[in-house]
Amino acid sequence: MKRTFALVLALTFVIGIAVFASNAQAADPLGDVKIKKDEPIHIAYWFVVAGPDASLGEDTKRGVEIAVDDKGGKILGHPIKLSGQDTGCNAEGGQAAATKLASDPTIVAAIGSNCSSEAKPGVPILWKAGIATVSPSNTAPYLTDPKRGPEYDGYLRTAHNDKVQGAVAAQFAFKKLGVKKAATIHDGSVYAEQLQAVFAEEFKKLGGTITSQEAVAPTDTDMRPVLTKIATGKPEFIYYPIFIAAAGHITRQVKEVTGLEKTNLMSADGAFSPDFYKAAGETAVGMFHSSPDFSAFAGGYKDFLAKHQKKYGEKPIAPFHAHAYDAATMVFAAIEKVAVKGKDGSLTIGRKALRDALYATKGLKGLTGTLNCDKFGDCADPRIAVYQQTAENIKKLENPQVPFWKPY
Amino acid sequence: MGQRFHGRFSPTDIVMWLIGGGLIFLAIWGAIATLSAGVYSARHWIDFVIFGLAQGSIYALIATGYTMVYGVLRMINFAHSEVFMSGPYTAYFVAAAFYRSGFLDAHPIVSLLFIFIVSMAISTGIAFALERVAYRPLRNAPRLVPLITAIGASFFLQYTFRGLYGSGFQAYPVFKMLEGHWTILGIRILRFQLVVILAAVLLMLALYSFVMRTRIGKAIRAVSEDKEASALMGIDVDKMISMTFVIGGAAAGAAGVLYAVMFKQVHFFMGFIPGIKAFTAAVLGGIGNIPGAMLGGIFLGLMESIGPSLFLDGLGIVAPYQLKDAIAFTMLVLVLIFRPTGILGERLAVKKA
Amino acid sequence: MNGGQSIWKSAVNIGAIGALTTVLLSLIGMVGAFSKRDIIYEIVTMGHTLLLTVGVFLSFLSAKRASQKGLGRVFGATLITGILTSGGVALLVIVGKTINLRMVFVNASPALYQLLIFGFDASFGVPLLLFSGLLCGLFAFLLFIAPPILRRILITGISSVAIAGVLQDLLRPIISIWGPLAGINDVLFAVNGLTLGGGLGMFLIISVVMFFWAHKGNKIKTKISTLPPGRQRMLKTGTWLILAVILIALPQILGLFLSEVITIVGLYVLLGLGLNIVVGFAGLLDLGYVAFFAVGSYIVAILTSPELGFFNMGFWSALPFAVIAGILAGVLLGIPVLKMRGDYLAIATLGFGEIIRILVLSDWLRPWLGGAQGIGKIPNVTISGYVFSTPQQIYYLILAGCLLVGFISWRLRDSRLGRAWMAVREDEDVAQAMGINLVATKLMAFATGAAFSALSGAIFATKIGSVYPHSFNVMISINILCLIIVGGMGSIPGVIVGSAALVGLPELLREFAEYRLLVYGAALVAMMLLRPEGLWPEEKRRRELHKEEEPEAVPADAQGSA
């Protein structure tokens, strides 16, 4: 009995592997996804939707969902099926989620991840399975670095490379505000640590002095001690490109610390969202944020906010929903471009073709600006502007409409 | 009880004392270096102390809940951090409604009082239900089992509240009368910090006298000394254990509002870190010992506020505030090396459950 | 608890719990989110299944409560519980339609209400909802009066179909790699959920198999036990052989994702076996166990990563350093906490874990440890040219690690040292009086546990290819502690069962992202309430825990059969 069992088992393998191997020949070098008539086009997100960073993933997930709604839930007559995996904002979560997506042959394209640490192990796994992914919120430079290696060929993002944004902030501080002494704070995240490092480097290059580079934990609430330490260096400018919770605490508490009452404050797109105005309240009036210049498309964003309110009963809860919306739009547009309709109502989507179409995205008008992908997958509008918060927009819990300063 | 190895010093003792001594030496060296560099003025140090006291008194209030439960059940109530979260998170909606209607600005004290009541009621309710559902059936199980149900309950509550109220942040409205600062004896102190410190001290005094003076308090202490004997003396042990959770929950609810007044943001994950800190405080002071928990909380708050600047700045370590929790925990280990049962020692019956 | 009154009271109480549960499930968004997924395509959604399960389960519970009091009362009790459960939801719909609950509860959307009343108008939907509650009660009643075998078949069949529907996105890719068997997919699954035919077919097959097993199972069992000892031994070795073949072939059968899940479970088995020595054998409550995991990972990363470029070693030459560093860290932690007991120890170790995490994250040590940016480009493991890179390949590495560590801890448990650990666990003072060297015993426990953990960390580092401080937070320690206690403290198979339940299942349910931790929490509480000794307890411990119950249990059984 055992022997028969083992034999059957072995036979199954052999046949299975044979069938698997014979399947491999297809028109697209990475294989095709065939979608029969009425079957859905499967798109998956991998975001952090559980744990302490859940609001980041929830927010981006909503951006994608609204993009699906705006598409009428259909591409080329096929319904869109959206599924998702939790990534937990850590490397192992990203790896597990990516593996799960990679094992599902029906997935056409992916949207994610949220944290750069997830993308590092996750993207190569997806690309091995021929799945291209567009991230709405990874900002770490190495993901689109020319030396990143071929395993990241399937990776694109609508979020800003830290290198661009950190440098703009430094130029703004030095050239526009004319400050000579600045301090930075990061929260130990890959994003913030990198941004402040770029800022500090650029600021020093311009001739400024960095009085101190401090760090807090994203879960810290009492920032007064660390701010007091910063105050001893008497900076004229504090740059803290961190996320909503900690940035809110710093903004509220900085004016309570002796010596920092008149210091200029600046944060980045990680805290450029209605939720931040809730967290910081009126104390945010007068501070600066760097973010893409979407003044030309502000109408679209207003519409988005109205839909968001209607669908979820609240304002966006983190900053990257618009980027997520754009990522989804990009994916939809690319699918429409490359999908081949069969006579029987089926669709064939080549994986390599889809990836190439994504990389060829040019002049796509999104909520965060015009999307143009370069050859390493950086698609965000490179025009970063600086905004100043006014009492009015804080009260309305809206982003300011008109940039305060533009570097270009 | 058996905490000393009889008579002689073993090599491990020497290693232990070396570690402890080394850490103390580093701390003193750092402090001297910082002070002699003269970067910080007296004003800065006073600010550090006030910040630390305000933060510490909130830790202390939460820690009393931990310590009381530990006293009667000998278990770490891991879900206490969620008891702390549930009150102020729910009371936020009351505060927001008051704010929108203008009632908050018109009658700030009445609204604050009402917010306190709502928060304490919710936290108390959750603590009570927690004990009934997750702990009472396990009264005689091995002692790690309730710890696991506590962890499970903690997850469950966190994600239930996340589902109910959403995963984003909510921010308490500003209480205008608590904004700005007072100057007392030439020391500038933020109003709400003073209020938080005073409120915490008052609450702790009330709690302490309740436990020491009232019949229920005495019964609770009796139960924590010896359950069987108290049952024989006619004390309803189950009821007293419930009472302990109720009191601990009320203290956590009150601490939650103070926290919200001071930091404004509420969130489904807000309880986790203060919960761990408060438990550390309880251990630091000597677990099961209410004044110890209070002292431990204040000590921890001060260490987090002053420690990085005082000990690390002088040693030339960059971004010292990133290491503040490391300092707090190192201090904990140091205290426990020299006093294995906390600063004030533990007030537990000799018989271990 | 006697008299008719209390039955109605308990039925009402259970109904109230049902109402509360279903309302809570709706308000936390589970029903809404799950309704997008069908179990049977376009017929049954997961959201409905969830609510119905609650209704049926609780009605069945109140039937059980009333079981002594005659069928009429049982019938009444189930109906009351059923209708109360649905009544809570109905009330939510009515209240929600008049007051905007969304100011507080984000999920209380009009869409949810529409869903709860099956998309009909309120005047028709609410009565329909109440009626469905009655049906739940009725179904529970039928289930209760059905013969046990029929009940078992029904429950198993329906729940297997439900599970297949829930896990559709998991099963489909696995079945699709089975070559000729891949056709099952087309029969079983529709676009979303199972096909009606597939669901029914599956139910039928399971019913038949169960029916057959119920009739013939005992016969087969007795046949096996009456075999001559020689044949029995052969059967045993045969089973072991099959097990070994399955273990070796597993990644090929399971495909990419399940292999990944198994490797993750395997890493936790390694960790769990280590902590099992510290907590389970020696009784030292360690909440900072992740520290050693971090030490193992970081040592491998520092020694091998070309990104830092200090040493550029291979994995195999770095591994001994990682394990030795783990042991040193174990001893280093062990010495200061030697004199602490119980929860002082717990919090001191928790602090130690946090200190390690904060140090690797810090800007201060960034030039050596990578800081917030972590360390990347950790090379894969190679054995004479064979590269372990995919989960299917890493599986073998982890399997080897688990077998080695499992063997060591099994031998240790029965060794002199193992008995010394258990003596310390039971009573430190007595153990010392019996001549056990407390210092050495405890330090050995810490060191052994740390070595296992560091080994797991080393494999983890090469598996992910990069290490970040955020991977080593206190939740990992807590999770490991949970899994060894849920598995059964001190039990080696318990660690495996615990890892599968607490690490494997949440991984499988990754797509239910925001609810999986909620379910995890509830399941932890439920498991501990139902089986405080764990899922696969150590023999000695089970006896200890049930010492008082045993003598009572026997007569109770005897009564039951009489």
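I take helices (H or I, at least four residues) and strands (E, at least two) as DSSP runs, numbered from the N terminus. This is a predicted model, where local features need pLDDT of at least 70, side-chain atom pairs count only at pLDDT 80 or more, and totals for chains, interfaces and linings use all residues. Residues are numbered from 1 along each chain as its sequence is written, chains are lettered from A and ligands numbered from 1 in the order in which they are written, and side-chain values use heavy atoms, with hydrogens and water left out.

I looked up B:Ala319 and found it in the loop between helix H12 (290-312) and helix H13 (324-338) of chain B. Its phi is positive, about 45 degrees, although B:Ala319 is not a glycine. Most residues other than glycine have a negative phi, and most peptide bonds are trans. Buried or exposed, I asked of B:Ala319? B:Ala319 counts as buried because its relative accessibility is 3%; the cut-offs are under 20% relative accessible area for buried, over 50% for exposed and partly exposed in between (1.4 Å probe, protein chains only).

C:Phe118 also went on my list, with a positive phi of about 60 degrees although it is not a glycine. C:Phe118 sits in the loop between helix H5 (110-116) and H6 of chain C. At 33% relative accessibility, C:Phe118 is partly exposed.

In chain A I noted a cis peptide bond, from A:Gly112 to A:Ser113, with omega near 0 degrees. A:Ser113 belongs to the loop between strand S5 (107-112) and helix H4 (116-128) of chain A.

**Entry: B:Glu82**

I found B:Glu82 in helix H3 (residues 80-101) of chain B. B:Glu82 is buried yet has no salt bridge, a salt bridge being a side-chain nitrogen of Lys or Arg within 4 Å of a carboxyl oxygen of Asp or Glu. Which side chain of opposite charge is nearest to B:Glu82? That is B:Arg162, 13 Å away; Lys and Arg count as positive, Asp and Glu as negative, and His and the chain ends are not counted.

Beyond its neighbours within four places in sequence, B:Glu82 is in contact (heavy atoms within 4.5 Å) with residues including B:Ser154, B:Phe268 and B:Phe272.

**Entry: chain C**

I counted 24 helices and four strands in chain C. Of its 562 residues, 54% are buried.

C:Phe189 lies in the loop between helix H9 (184-188) and helix H10 (196-226) of chain C. With a relative accessible area of 6%, C:Phe189 is buried. Leaving aside neighbours within four places in sequence, the contacts of C:Phe189 include C:Ala164, C:Leu171 and C:Leu194.

On the surface I looked at a nonpolar patch formed by C:Leu71, C:Phe75, C:Phe131, C:Leu135, C:Leu138, C:Leu142 and C:Ile145. Patches are made of residues with over 30% relative accessible area and no salt bridge, with like charges joined within 9 Å and nonpolar side chains (Val, Leu, Ile, Met, Phe, Trp, Tyr) within 5 Å. Together these residues have about 610 Å² of accessible area, by the Shrake-Rupley method with a 1.4 Å probe, where for residues only the protein chains shown count as cover. Which helix gives the most to the nonpolar patch? H6(C) does, with five residues.
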